[in-house]
Amino acid sequence: MIEQKEVEFYKENGYLLVKGVFNQQEVEEMRQGVEGIISRAAQSKADHNSQWQGDFLPAAELKKLVLKGFHDVHYHDAAFMRAVIHPNMAAVLTQIIGPNVQLHHSKMLVKPPENGAAFPMHQDYPYFPHEKHTMLAASVHLDHADEENGCLRVIPGSHRTGSLPHVGSHYLNHKEYPIKEGTPCVAEAGDVLFFNYLTIHGSESNKSSRTRRNVLFQYRDASDFPTENTHFDWGMGLMVSGKNPNFTKVKPDFKII
């Protein structure tokens with residue numbers, strides 16, 4: 001899927017947009033999967049607004065914004081399990097992470113038309129810090145994403161500065177890191193944006209009449225261990241490519257109570 005020059009681009013900039021990872025049929029299956037999750041959540045009275053809270057937007061504007069976000073989508077629909085281990089995904093991951101790739105977790109993010117929530121600029125590192133910083137997000141686009149409907153923005157090369165102090169629920173001071181200063185990553189349905197968990201990123205609200213649906217898969221090297229016991233998931237450690245060289249560390253260290 002990618003050449004060496006693109007691997008070098010990722011290492012230098014902390015992100016890489018790969019075109020056409022998924023075909024139209026696969027995209028449609030995931031779209032249906034997203035809609036099914038939203039519907040079943042509503043039927044189960046488990047629906048909620050996952051909009052970020054904080055002072056990065058005026059309170060009156062924040063109140064109007066909506067984000068549909070659910071974790072562990074590969075437990076809800078097999079379309080996402082197929083996507084997690086898709087040969088095209090593995091082809092990219094093994095070049096930018098290494099031969100032994102694990103899934104950490106999955107989630108979906110849907111910005112509805114006209115009032116889809118913004119994400120303040122942040123690093124993912126504070127949520128699940130790891131030793132070697134191989135952790136990355138693979139953001140699968142299920143719709144055309146542009147500046148109007150709140151595409152992801154990144155600060156190229158920001159992963160090289162290491163972890164930064166965050167405020168609130170793990171976002172950066174919006175006065176120092178305004179969303180609009182990020183480089184917009186315009187993408188088509190089926191494209192995947194890969195970015196390191198230290199890369200500063202965020203997105204503005206969806207002001208268009210179009211939905212913006214994304215599914216995120218977090219991956220890491222099998223020998224990159226967490227530094228904090230946080231963000232556990234039953235599927236954490238699923239081998240996507242290669243082998244796990246750590247026989248006694250194939251599952252998270254947690255207890256059933």
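Entry 1. I began with His 74, which I found in the loop that lies between strand E2 (68–71) and helix H4 (78–84). I kept in mind while reading that this is a predicted model. Is His 74 buried or exposed? Its relative accessibility is 9%, and since buried means under 20%, His 74 counts as buried.

Entry 2. Next I looked up what surrounds this residue. When I left aside the neighbours within four places in sequence, I found His 74 in contact with Phe 80, Met 81, Leu 103, Ser 106, Asp 233 and Gly 235. For one of these, Ser 106, I also noted a polar contact of 2.7 Å that joins its side chain to the side chain of His 74.

Entry 3. I then checked the confidence of the prediction. The average pLDDT of the chain is 90, and 91% of the residues score at least 70. Over residues 62–66, however, pLDDT stays under 50, although the model has 21 contacts beyond four places in sequence for this stretch.

Entry 4. I turned to helix H1, which covers residues 4–13, and noted that Val 7, Tyr 10 and Asn 13 are buried there. Looking down the axis of H1, I see that its buried residues fall within an arc of 150°, so they line one face of the helix. What covers these buried residues? The elements over them include strand E1 (15–18), helix H5 (87–96), strand E5 (136–141) and strand E8 (192–196). After H1 comes Gly 14, for which I wrote down a positive phi, near 85°.

Entry 5. How many of the six residues of E5 are buried? The count is six of the six, so E5 is largely enclosed by the rest of the structure. In a regular strand the side chains alternate between the two faces of the sheet. I therefore listed the residues of E5 by side, and both faces are covered, with Leu 136, Ala 138 and Val 140 buried on one side and Ala 137, Ser 139 and His 141 buried on the other.

Entry 6. Last, I looked up the pairing partners of E5. With E8 the pairing is antiparallel over five bridges, and Ser 139 has Leu 193 of E8 as its bridge partner. With strand E10 (residues 212–221) E5 also pairs in the antiparallel sense, here over six bridges, and the bridge partner of Val 140 in E10 is Val 215.

Key:
Residues are numbered from 1 along each chain as its sequence is written. This is a predicted model: local features need pLDDT of at least 70, side-chain atom pairs count only at pLDDT 80 or more; totals for chains, interfaces and linings use all residues. Side-chain values use heavy atoms; hydrogens and water are left out. Helices (H or I, at least four residues) and strands (E, at least two) are DSSP runs, numbered from the N terminus. Buried means under 20% relative accessible area, exposed over 50%, partly exposed in between (1.4 Å probe, protein chains only). A polar contact is a pair of N or O atoms within 3.5 Å; within protein, one must be able to donate a hydrogen and the other to accept it, and residues adjacent in sequence count only if both atoms are side-chain atoms. Contact means heavy atoms within 4.5 Å. pLDDT is the predictor's confidence in each residue, from 0 to 100. The arc is that of the directions from the helix axis to the C-beta atoms. Two strands pair if DSSP finds at least two bridges between them.
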